[in-house]
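Student: I have a structure to go through before class. Can we take it piece by piece?
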Amino acid sequence: MTQQSRVGPPPPFDPTVAATLAVVHETMPPDGLTPERIPLYRAAAAEVRSRPAEEFTRDGAFAVQERAVPGPQGAPEVPLLICRPTGAAGPTGVIYYIHGGGMVMGTNRHGADDLLDLALDLGMTLVSVEYRLAPEHPHPAPVEDCYAGLLWTVEHAGELGLDLGRVVVAGTSAGGGLAAAVSLLARDRGGPALAGQMLICPMLDDRNDTPSSIQMAGLGIWDRTCNDTGWTALLGDARGGPDVSPYAAPARAADLSGLPPAFVDVGSAETFRDEDVAYATRIWQAGGVAELHVWPGGCHGFDMLAPHAAISVEAREARLRWLRRVLAS
Amino acid sequence: MVRELVGRLTALDPQAGAAVQVIAYFDALVAQRAGLEAIVRGAAFLARCPARLVDDERRLRVRATPDGSTSDSPEPAAPHWPAEEIVPGGPARVLLERPSGPAELDRMILERAAAAARTVLERTRTRVREPAEILLDARTSENERLWAARRLGLNPDEPARAIAFPDRPPLVRPAQADVPQDRRAGVGPAVNVLDLPSSWEAARTALRLTAEGTEQDPGPRVLHAGELGPLAVLAAHIHPGAPADPDTRALDRAAASAPWMLRTLDTVAAASSLRAAATALTVHHSTLQTRLAQASRLLGWDVRTPAGRLRLHLALIARRLHRNP
């Protein structure tokens, strides 16, 4: 409550983002995702789920394969979508990508197009993982699936033609949170060395009580209500309580040292603004490397929602530049 | 999450309320007071093809592609591309680059984009100055004037001149470029780009000394400031709205007495001799003598003497300065 009284009016959306939101809100309200509506939202995503793998070859620029690889102990296999540049002579770097969808929806097809753009520019392989979803599969199922997929990818680097010196984990929204968690797991379990973690508007904090989450309630995309739905699906009654694992909500991690260089981007007009800024800040405070972009007037996922906005063009360029830099070093 | 929404959005379905979505989009842009570039981006995004806004008078050219890049294209607009005038009959238009002709929603997108652009142009008309206006205003900072010069396609290191017209915005041209001869104009001297305000002032003075070149307003239609000499000093002393001097009033009276009067007097004042004036007027020498006797009576001084001709010349110029404030 004291926080709420300190929060000003919501920062304005970028005009192009606002106009695109006006169209989106014709069919989908900002606070639309409640637990009962999860099946409805999943149904809307079914079309993307059924896209054949061949659609990701980019006219032959990538050789695409689907692999079901061993999951965590006693769990089902994890489906990976693997896109390797056909022109690559030797081992390539790899982007290990974790899709978004609020922990409750999405597949390894979701967001893959955007990451393929980056992979194409950089001659990298894209591995997109599909993880079990909450609430049917609460924590730690999603993050352990993602980690298992990463381990398999690294162990099969020879077969897949990957350069283990250039492994970057990336994720969008819930996937951004999972990418941060996978980076923590890799550090804590002595797992694969990562060249970087690219956290695109990541979902990091189950407490859902930052000034930005309060400020943006009922606005934009993925507001506080949706966020509550997602975290509660993942954590049940434990959400917001004292015992939440940092591998579920990386904002809970007490120690952010010893992590791979981080890239964090987020809109100024979204729920996740403050938790994402805080995460980058805490990495610096721990002596780590992070690059933070807060795009003015961006809503959650603005670059996917309004790819034609000027801030979207610049956000995509910033990701490409960062990847180039971390892969060169 | 977001991707599913975008999946729907990129497939605007004409049968499923897409028109409402187009309206919602541009209404929101207007409410946000978005600029012209955002409007062109929106048109490109919704139409799924590159869009342009062009205004040759303002030298405005904005182009956007559906993915949000704003690179210009050397390709000229094709006449069959769907287009909409921002103000009916005006020079500004929005266009969609559709080599294969208009798609179903194009008309709606163009109409809404043009309406949104109209509000921007109306809003900014009083605040935003044309590059030429900025370049010719000595009170504007040098940086801003150099920016304006580049916007006008001028090389800041090469001299240029200002040209004034009675009925249209100023023109700034490189020193070597041709000066338009088809309309009445005062031409300023070629100067450094940052000295253009002085060229503009001289051009406006020259313009005041031009005439329509008709029977009732004889004289040169195009004048270069460099030709004025001390006439520029005279011009500075005949202020707009000042009461006409007696010689100007006498000229007006004489002009009213005969249709040939003003042109005859102007030709005589400019010619090297009366014989040359008669030839230029295609009248017999004796006819000219008769006309000048009549004119001298009406004016009150003899225009056939050297001093009288000088007085006539100055009176004609004073009359023009009174007529062209």
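Student: What is the strand order of the open sheet of 8 strands in chain A?

Tutor: The order is S1-S2-S4-S3-S5-S6-S7-S8, and the pairing is mixed. Two strands pair if DSSP finds at least two bridges between them. Helices (H or I, at least four residues) and strands (E, at least two) are DSSP runs, numbered from the N terminus. Two notes before we go on. This is a predicted model, in which local features need pLDDT of at least 70, side-chain atom pairs count only at pLDDT 80 or more, and totals for chains, interfaces and linings use all residues. Residues are numbered from 1 along each chain as its sequence is written, while chains are lettered from A and ligands numbered from 1 in the order in which they are written.

Student: Which strands stand at the edges of that sheet?

Tutor: Strand S1 (62-69) and strand S8 (290-295) of chain A. Each has a single partner strand, so one side of each is left without a neighbour in the sheet.

Student: And how are neighbouring strands turned against each other?

Tutor: By 15° on average, direction ignored. Axes are lines fitted to C-alpha atoms, for helices over the stretch in contact, and angles run from 0 to 180 degrees between N-to-C directions.

Student: How many bridges join S5 and S6 of chain A?

Tutor: There are 5, between strand S5 (residues 162-172) and strand S6 (residues 196-200) of chain A, and the two run parallel. Val169(A) has Gln197(A) as its bridge partner in S6(A).

Student: Which strands does helix H8 of chain A touch?

Tutor: Helix H8 (residues 174-188) of chain A packs on the sheet and touches strand S3 (92-98), S5 and S6 of chain A. Its direction makes about 140° with that of S5(A). Helix H11 (residues 273-285) of chain A also packs on the sheet, touching strand S7 (262-267) and S8 of chain A. The direction of H11 makes about 155° with that of S7(A). Touching here goes by contact: two C-beta atoms, placed from the backbone, that lie within 7 Å.

Student: Switching to chain B. What is in its secondary structure?

Tutor: Chain B comes to 13 helices and 8 strands. One open sheet there has 4 strands in the order S2-S1-S4-S3, with antiparallel pairing. Strand S2 (60-64) and strand S3 (83-85) of chain B are at the edges, each with a single partner strand, so one side of each is left without a neighbour in the sheet. Neighbouring strands are turned by 10° on average, direction ignored.

Student: What packs on that one?

Tutor: Helix H4 (residues 106-124) of chain B, which touches S1, S3 and strand S4 (92-96) of chain B. Inside the sheet, 5 bridges join strand S1 (residues 51-55) of chain B to S2(B). Leu53(B) has Val62(B) as its bridge partner in S2(B).

Student: How many residues lie between S5 and S6 in the chain B hairpin?

Tutor: There are 6. Strand S5 (residues 160-164) and strand S6 (residues 171-174) of chain B pair in the antiparallel sense over 4 bridges.

Student: How much of each chain is buried?

Tutor: Of the 329 residues of chain A, 54% count as buried. For the 325 residues of chain B, the figure is 36%. A residue is buried if 20 or more other C-beta atoms lie within 10 Å of its own, exposed if 12 or fewer, and partly exposed in between.

Student: Where do the chains meet? How many residues are in contact?

Tutor: 33 residues of chain A are in contact with 27 residues of chain B. H2(A) gives the most to the side of chain A that touches chain B, with 7 residues.

Student: How confident is the predictor in chain B?

Tutor: Chain B averages a pLDDT of 87, and 93% of the residues score at least 70. pLDDT is the predictor's confidence in each residue, from 0 to 100. Over residues 3-11 of chain B the pLDDT is below 50.

Student: And what about the complex?

Tutor: The predictor gives the complex an ipTM of 0.82 and a pTM of 0.69.
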